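Open the model in your viewer and keep the selection tool at hand. The stops below say what to pick next and what is there.

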Amino acid sequence: MNFKEIYEKSIKNPEDFWKSLSDDIFWYKKPTKILNSSNPPFYKWYEDGKTNTCYNALDLHVENGLGDNTALIYDSPITGNKAKYTFNELKSRVSKFAGALKNQGVEKGDRVVIYMPMVPEAVIAMLACGRIGAIHSVVFGGFASNELASRIDDSKAKILVTSSCGFEPGRTVEYRPLVDGALKLAKHKLKKVIFYQRKGHEIKLNSPMEISWDESLVNAKDTDCLEMNSNDYAYILYTSGTTGVPKGIVRDIGGHIVALKWTMKNIYNIDQGDVWWSASDIGWIVGHSYIVYAPLFKGCTTVLFEGKPVGTPDAGAFWKIISDYKVKSLFTAPTAFRAIKKEDPDGKFFSKYDLSKFESLFLAGERADPDTIKWAENLLKVPVIDHWWQTETSWAISSNCTGIEMMKTKYGSACKAVPGYDVKIIKSDKTLAKANEMGDIVVKLPLPPGTFPTLWNADKRYKENYMSNYKGYYQTYDAGHIDEDGYIWIMSRTDDIINVAGHRLSTGAIEEVLSEHKCVAECAVVGIADKLKGQLPIGLLTLKSGVDEDNENISKDCIKMVRDKIGPVAAFKIAIVVKRLPKTRSGKILRGTVRKIADKEDYKVPATIDDPKILDEIKEDLIKNNILK
Ligand code: COA
Ligand code: AMP
C-alpha cells in the first residue's frame with residue numbers, strides 16, 4: 001500500500017488499523033477490545049490486553065535469539081568512557097536493578113523519580129521500573145531543585161534514583177546540593193535516594209535514607225517482568241504548561257509499545273539490527289521515545305551520547321559517532337546543526353570521517369529553518385527531514401514517512417500528517433480552515449495509541465486544557481496552516497511556551513520566579529529570535545516605587561534566581577529594568593508586541609493600548625541593551 005492508502009485506512013477505520021499493528025508486539029493476553037470510546041475525551045486503547053514494556057524492549061529479543069546483538073552503545077566524549085551492552089547484558093543488568101528497587105520497597109504502580117546524566121544506568125533504571133510495573137518520572141538534569149521538588153511532590157514518588165554528578169563542558173554538575181535542595185523544598189517525603197556514584201566523583205552518603213547504586217545491587221535478585229494491564233502507566237513526564245505548574249503527561253503501556261514500534265520502520269525506515277542514534281537527553285520526550293523505547297522495542301542498537309554537538313571536543317563529534325558505530329539515521333534538534341554550522345560552516349571536520357552507512361537525518365523539537373536544512377543536505381548528501389511532535393503525543397504527528405514512501409521536501413514544512421492523526425486547522429471563528437488558511441492546529445479525537453490518555457491525577461485539567469476549546473478535537477497549542485498538498489506548516493505557539501535550543505520552556509514559569517524578587521513590581525518574559533538556540537527568553541522588569549537599589553544588581557539577582565529555581569536550561573541571561581510595561585486599557589501586558597519589536601518584525605500599535613508612547617520607551621531600552629541594533 002502507498003502512503004495515501006495507509007493514511008486513509010488509519011483515519012477511516014482506526015480500530016482495524018491499530019488491531020492489525022498490535023499483532024507485532026508481545027502480549028501475555030492479546031487485547032480483544034481495541035478502542036473504548038464510551039467516555040470521551042478519555043479514550044482507551046487495548047484495554048483488556050496484558051503486556052510489559054521491558055519485556056518488549058529486552059526479553060522478547062533474547063527469546064528470539066538476538067541476545068548477542070548490541071542493544072545499547074554508550075559513548076561519552078566528555079569523560080572518555082565507552083561501553084556496549086548486548087540484549088543479554090542489558091536484560092541482566094535491568095533485572096538485577098529491578099530486584100534492587102523491589103528491595104527498597106518499590107511495588108507495582110509506585111513512582112520512581114530518575115534525575116540523572118546521560119549514563120547507561122539511567123536507561124537501566126527506566127527499564128527496571130517497567131519490568132516491575134513502577135512508573136518512572138525522569139527529570140532533566142538541567143533543571144534545578146525547585147523543578148525536581150515539584151515533580152517529587154506531584155508524583156508522590158517513593159524513590160529517587162540520581163547520581164553523584166553530571167558533566168557539562170567546562171563544569172561538573174554536582175547533584176548532591178540540587179537533590180538536598182529539592183528534598184528540603186518537597187512536602188512529600190521520599191523513602192530512599194539511590195545515588196549512582198561516578199568513578200572519581202564519589203560523594204559521602206547519609207544513611208539510612210541514602211544508598212549507593214552498587215550497594216543496592218548487593219542483595220538484589222534477578223527479577224522477572226510483571227504482567228501489566230495495557231492501560232496501566234509506563235511513565236509520567238512533566239512538561240511546561242500554560243502556568244508555572246508543570247503538567248504530568250502520562251503514557252499507558254500497550255498503546256505506547258504498539259505505536260512506537262510501528263514508527264521505527266514506517267517513519268524512520270529503521271529495521272531490527274540497524275544502528276540508530278537520537279542525540280537528545282533522556283529527560284525529554286525525544287530521549288524517552290527514541291533513545292530508549294522505540295529502538296529497543298524494534299530490536300535496534302541505540303546510541304546513548306553524553307556530549308554536545310560542539311566543544312566535546314569539536315564540531316566533528318557527531319560525524320565521529322556516526323562513523324565509529326555505522327549509524328544509519330540520526331534524530332536531533334535543528335539547534336544542534338546550527339551549532340555545528342556556526343563552528344564549521346565549510347564542513348572541514350565532516351570530511352575526516354566515513355559516513356557511507358548514513359542514510360537520513362531527522363529534525364524536530366522546533367521549526368527547522370530552511371537554511372539549516374539546506375546546509376545539512378549539502379554536507380551530508382542524505383534526506384534531511386523535519387517532523388513535528390510534542391511530549392503529549394510521544395511520537396510524530398507529521399512527518400515524511402520514509403519507510404512507507406519518500407515524499408518531496410517543502411522547506412519550512414514538517415510534511416504531512418502521520419497515519420493515526422487526523423490533523424485540521426480551526427480558524428478564530430471556530431470554523432475549519434481551507435487549504436493555506438491560518439489557524440489553531442488541532443487533531444480529531446480519538447488520538448492514536450501512544451499519545452497521552454490523561455494528565456497525572458488531573459483529568460479535569462486534561463479535559464479543560466486540551467479538549468474543551470474545540471469539541472471533539474485535541475488542541476495542540478501550535479498554530480499554522482495546511483497547504484493544498486496536505487503539507488503542515490507549524491508557525492508559532494498559541495500559549496506561553498517558547499523553544500530554547502529545542503528545550504520547551506514556559507515564559508509564565510520564568511515570570512513567576514521574577515515576580516518573587518523583592519524589588520520587582522511587574523514583569524514580562526518573551527522569547528526573542530536567536531540564531532543558535534531558535535529562541536531566547538528576555539525579561540522586562542518594572543520596580544516597586546521607592547526602590548533605590550542599582551538596576552544592574554537587580555537584573556543580576558533576577559538572572560541568578562531563574563538559574564537557581566528553574567535551572568541553567570532556561571538560558572535566562574537578559575533582564576532589563578524598564579520604566580513601564582506596555583498594556584491594554586484592561587491591563588493585559590502586550591508581550592506579543594514587545595516580541596515583535598525585539599525581533600524587528602512589523603507590528604501594529606494595538607487599538608486597545610493604554611499609552612502608545614511606552615512602545616518607544618521599550619524600543620530605546622532594547623537598543624541600550626544591545627538587543628535591537
Ligand atoms: N545538566 C545540567 N546542565 C545542563 C544540562 C544537563 N543535562 N543540559 C544543559 N545544561 C546547561 C548547560 O550547561 C548550559 O549551562 P550554562 O548556562 O552554564 O552554559 C545551560 O544549561 C543551557 O544549555 P543549552 O541550552 O543546551 O545550551 P548550550 O549553550 O550548553 O549548548 C547546544 C547549545 C545547541 C549545543 C545544545 O543546546 C544542544 O546540543 N542541543 C541539542 C538539542 C537537544 O538536545 N534538544 C533536546 C530536545 S530534541
Ligand atoms: P516538546 O513537547 O518539548 O517536544 O515540544 C513540543 C513543541 O515543540 C511543539 O508543540 C512545537 O511548538 C515545537 N515543535 C516540535 N517539533 C517541531 C517542528 N518540527 N516544527 C515546528 N515546531 C516544532
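## Stop 1: ligand 2

Select ligand 2 and the residues around it. There are 15 of them, and H387, T391, D478, R493 and R504 come nearest. A residue counts as near a molecule or strand if one of its heavy atoms lies within 4 Å of it. The model is predicted: local features need pLDDT of at least 70, side-chain atom pairs count only at pLDDT 80 or more, and totals for chains, interfaces and linings use all residues. Residues are numbered from 1 along each chain as its sequence is written, chains are lettered from A and ligands numbered from 1 in the order in which they are written, and side-chain values use heavy atoms, with hydrogens and water left out.

Now show the polar contacts, meaning pairs of N or O atoms within 3.5 Å; within protein, one must be able to donate a hydrogen and the other to accept it, and residues adjacent in sequence count only if both atoms are side-chain atoms.

- H387: a backbone N or O atom lies 2.7 Å from a nitrogen atom of ligand 2.
- T391: a polar side-chain atom lies 2.5 Å from an oxygen atom of ligand 2.
- N499: a polar side-chain atom lies 3.2 Å from an oxygen atom of ligand 2.

How much of ligand 2 does the protein bury? The protein buries 93% of the 490 Å² that ligand 2 exposes when taken alone. Accessible areas come from the Shrake-Rupley method with a 1.4 Å probe; for residues, only the protein chains shown count as cover.

Color the shell by class. Around ligand 2 stand 4 nonpolar, 5 polar and 6 charged residues. Ala, Val, Leu, Ile, Met, Phe, Trp, Tyr, Cys and Pro count as nonpolar, Asp, Glu, Lys and Arg as charged, and the others, Gly among them, as polar.

## Stop 2: ligand 1

Move to ligand 1. It is surrounded by 23 residues, with E168, R171, K533, R563 and K573 the closest. Pick R563: a polar side-chain atom there lies 2.8 Å from an oxygen atom of ligand 1. Then try the backbone. A polar backbone atom of G142 is 3.4 Å from a nitrogen atom of ligand 1. At V569, a backbone N or O atom lies 3.4 Å from an oxygen atom of ligand 1. On its own, ligand 1 has 940 Å² of accessible area, and the protein covers 83% of that. By class, its shell has 10 nonpolar, 6 polar and 7 charged residues.

## Stop 3: salt bridges

Stay on E168. Its side chain meets that of K308 in a salt bridge, 2.9 Å from N to O. The two are 140 residues apart: K308 is in the loop between β17 (301-305) and α11 (317-325), E168 in strand β9 (residues 165-168). Helices (H or I, at least four residues) and strands (E, at least two) are DSSP runs, numbered from the N terminus. A salt bridge is a side-chain nitrogen of Lys or Arg within 4 Å of a carboxyl oxygen of Asp or Glu. The structure holds 36 of them.

Buried or partly exposed: which describes K308? K308 is partly exposed, at 30% relative accessible area. E168 is partly exposed too, at 28%. Buried means under 20% relative accessible area, exposed over 50%, and partly exposed in between (1.4 Å probe, protein chains only).

Next, select D483 and K410. Their side chains form a salt bridge at 2.8 Å, N to O. D483 sits in the loop between β25 (473-482) and β26 (488-493), and K410 in the loop between β21 (398-399) and β22 (416-417), so the pair ties together parts 73 residues apart in sequence. Both D483 and K410 are buried.

Then pick R580 and E617, a salt bridge at 2.5 Å, N to O. R580 is in the loop between β31 (574-577) and α17 (591-598), while E617 is in helix α18 (residues 613-624), 37 residues apart. R580 is partly exposed at 33%, whereas E617 is buried at 18%.

## Stop 4: N52

Finish at N52, in the loop between β3 (50-51) and α3 (53-66). N52 is buried, with a relative accessible area of 0%. A polar atom of its side chain lies 3.1 Å from the backbone oxygen of G130. Beyond residues up to four places away in sequence, N52 touches Y28, G130, R131, C225, L226, M228 and I257. Contact here means heavy atoms within 4.5 Å.
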